[in-house]
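I opened the model today to see how the chain is put together. These are my entries, in the order I made them.

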Amino acid sequence: MKAKKIFYCTECGNETVRWAGQCPACGAWNTVVEQPDKPARRTEVRSGGIRPRKARPISELSEDEEVRFPTGMGELDRVLGGGAVRGALVLIGGAPGIGKSTLMLQICGKLCEFSKVLYVSGEESERQIKLRAKRLRVEHENLYVVSETALGDVLECVDEEKPDILIVDSIQTLYKEGLDSTAGSVSQVRECALSLMRVAKERNITVFVIGHVNKEGGLAGPRVLEHMVDCVLYFEGDKHTSYRILRAAKNRFGATNEIGVFEMRDAGLSEVRDPSEILLSGRPTDVPGTCVTCIMEGARPVLAEIQALVATCPGGNPRRTSNGFDYNRAAMLLAVLEKRGGLRVSAFDAYLNIVGGLWVEEPAADLAAVLALASSYLDRAVSGDLAAVGEVGLTGELRSVDRLEQRVAEIHRLGFRQCVVPARRAERLREFPGLRLLPAKNIGEAIRAALGQRE
Ligand code: TYD
Ligand code: MG
């Protein structure tokens with residue numbers, strides 16, 4: 001059978017079955033070219049690279065294909081779902097300067113103890129890598145470094161060195177010869193990733209690929225690749241603070257709800273084993289407009305500080321801003337506070353912020369947000385030893401949340417002495433010595449419990 005020709009645009013990567021002078025997707029002229037790879041080869045890559053493809057009964061398939069190994073960074077292993085997997089391609093995305101290269105170079109130290117690692121960099125010279133490795137105290141005879149941007153040469157290097165682990169820094173600097181688009185374009189990024197995927201599957205090499213995410217969208221980023229790779233991790237954090245959070249956006253070998261927390265120090269990234277403690281350090285106490293809650297990041301309870309500012313609005317058009325907290329949820333909580341809590345917040349500007357670069361999606365944080373807002377509005381501080389957990393409903397009622405006991409236990413562990421909880425679940429919670437539970441049925445009761453009676 002004759003293979004069907006496929007054309008694609010070198011600008012935007014859009015695929016068509018017919019050639020055209022102008023790309024129907026992005027409108028660019030003279031950019032549509034024939035796909036050099038035959039579609040048949042693509043199928044091979046997707047299905048794991050074993051040839052010839054023949055369906056077999058599931059009972060005959062071997063189970064020992066998923067071999068895991070630790071990377072030496074517990075926080076990274078956690079996000080990967082319990083270590084890295086042989087033959088998997090992991091994409092590490094993040095803004096430039098966030099610490100992707102640092103993280104990859106650091107794990108080499110441990111990986112080299114039992115495997116051969118090839119670090120390919122198109123971003124830095126070998127000398128620069130050497131200096132950085134020295135600073136990070138990663139020097140091992142099993143670590144091979146090459147500064148290279150041509151995909152063909154990289155693959156040759158893999159052929160020659162036969163590493164167990166390949167690190168590519170970054171996908172945007174790599175280019176495949178024969179494609180007439182520049183490195184970093186959608187088609188280059190996709191073709192290079194496909195080739196690396198093939199290498200990972202055929203040779204059973206674990207491949208880590210770094211991909212920059214930039215806001216302007218000038219470079220084709222990890223999002224273009226999300227569907228084809230095994231695992232996508234995003235490295236996030238505020239450039240102005242030293243904390244970094246690693247999150248999985250996709251993981252074929254595990255859950256995606258775990259986070260890893262790191263701190264960028266002079267000697268590289270260090271793992272933060274107790275994020276709650278860090279996130280609360282330097283917290284202002286006895287100032288109005290802040291309240292602590294406990295959210296779940298995967299299986300791990302983490303304490304988060306919610307800050308609010310309710311300020312007089314000079315125009316007649318109040319502003320609402322939220323950072324790290326869903327905007328619509330914040331608007332709803334303000335409306336409930338007005339209607340059910342009796343606080344006239346609608347005429348005021350309101351700002352909500354989650355400290356430490358966390359993103360709070362859980363309704364369990366509702367109550368703390370409401371208390372922070374009420375505290376700012378009333379200009380009365382929530383006591384520094386008080387935390388709050390609970391979902392707020394539209395009638396102002398407090399609803400229970402999953403794993404309440406685990407959350408309260410974390411609040412207790414960090415030395416809090418009072419915790420506002422939904423009344424319905426309060427009596428079924430176990431005792432926590434030194435921690436007084438303040439059950440509340442609705443936000444009115446919660447505000448009275450946390451901020452006292454209104455004069
Ligand atoms: P880098 O890993 O180069 O970022 P990326 O690869 O994501 O672009 O990290 C660069 C930043 O990290 C830079 O601003 C310097 C800082 N840094 C440290 O603070 N300590 C260190 O030990 C290292 C290696 C980097
Ligand atoms: Mg880098």
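The model is a predicted one.

**Entry: the whole chain**

I counted secondary structure first. The chain comes to 13 helices and 23 strands. Next I took the extent along the principal axes. The C-alpha atoms fill a box of roughly 80 × 55 × 50 Å. Then I looked up burial. Of the 455 residues in the chain, 51% are buried. I also checked contact range. Taking contacts between residues at least 6 apart in sequence, I found that 67% join residues at least 24 apart.

**Entry: the sheet of 9 strands**

In what order do the strands of the open sheet of 9 run? I read β8-β7-β9-β10-β6-β11-β12-β13-β14, with mixed pairing. The edge strands are β8, residues 143–147, and β14, residues 268–271; each of them pairs on one side only. I got an average twist of 25 degrees from one strand to the next.

Strand β7, residues 117–121, runs parallel to β8, and 5 bridges join the two. Opposite Tyr119 I found Val145 of β8.

β12 and β13 pair in the antiparallel sense over 5 bridges. Tyr243 has Glu263 in β13 as its bridge partner. β13 also runs antiparallel to β14, joined to it by 4 bridges. There Arg265 stands opposite Gly268 in β14. The link from β13 to β14 is a hairpin through 2 residues. Is β13 mostly covered or mostly open? Mostly covered: 5 of its 7 residues are buried.

As a reminder to myself, strands of a sheet pair through backbone hydrogen bonds, either parallel or antiparallel.

Which helices pack on the strands? I looked up two. Helix α3, residues 100–111, packs on the sheet. Helix α5, residues 151–161, lies across β7, β8 and β9. I read about 165 degrees between α5 and β7.

**Entry: α9 against α10**

I turned to a pair of helices. The axes of α9, residues 327–339, and α10, residues 366–378, come within 10 Å and cross at roughly 60 degrees. That angle makes α9 oblique to α10. The crossing of α9 and α10 is right-handed.

Which residues make the contact? From α9 I listed Arg329, Leu333, Leu334 and Leu337. From α10 I listed Asp366, Ala369, Val370, Leu373 and Ala374. By class, the contact of α9 with α10 divides into 7 nonpolar, no polar and 2 charged residues.

**Entry: Ile295**

I picked a single residue next. Ile295 lies in strand β15, residues 290–297. Why does Ile295 count as buried? Because its relative accessible area is 2%, and the cut-off for buried is under 20%.

Setting aside neighbours within four places in sequence, I listed the contacts of Ile295: Arg300, Pro301, Val302, Ala304, Leu358, Val360, Glu362, Ala365 and Arg407. I also took a C-alpha distance. Ile295 and Val389 are 94 residues apart in sequence and 8.5 Å apart in space.

**Entry: the sheet of 3 strands**

Last, I looked at the open sheet of 3 strands. Its order is β2-β1-β3, with antiparallel pairing. The edge strands are β2 and β3 (32–34), each pairing on one side only. Strand β1, residues 7–9, runs antiparallel to β3, with 3 bridges between them. Phe7 stands opposite Glu34 in β3.

Thr16 lies in strand β2, residues 15–16. What does Thr16 touch, leaving aside neighbours within four places in sequence? I found Ile6, Phe7, Pro24 and Val32. Thr16 and Val33 are 17 residues apart along the chain, and their C-alpha atoms are separated by 9.7 Å.

Note on methods
Residues numbered from 1 in each chain as written. Chains lettered and ligands numbered in written order. Predicted model: local features only at pLDDT ≥ 70, side-chain atom pairs only at ≥ 80, totals over all residues. Heavy atoms only, no water. Pairing = 2+ DSSP bridges. Axes fitted to C-alpha atoms, helices over the stretch in contact; angles between N-to-C directions. Contact = heavy atoms within 4.5 Å. Parallel < 35°, antiparallel > 145°, perpendicular 65-115°, else oblique. Left-handed = near helix turned anticlockwise from the far one by under 90°. Nonpolar A, V, L, I, M, F, W, Y, C, P; charged D, E, K, R; others polar. Buried < 20%, exposed > 50% of the residue type's maximum accessible area, 1.4 Å probe, protein only.
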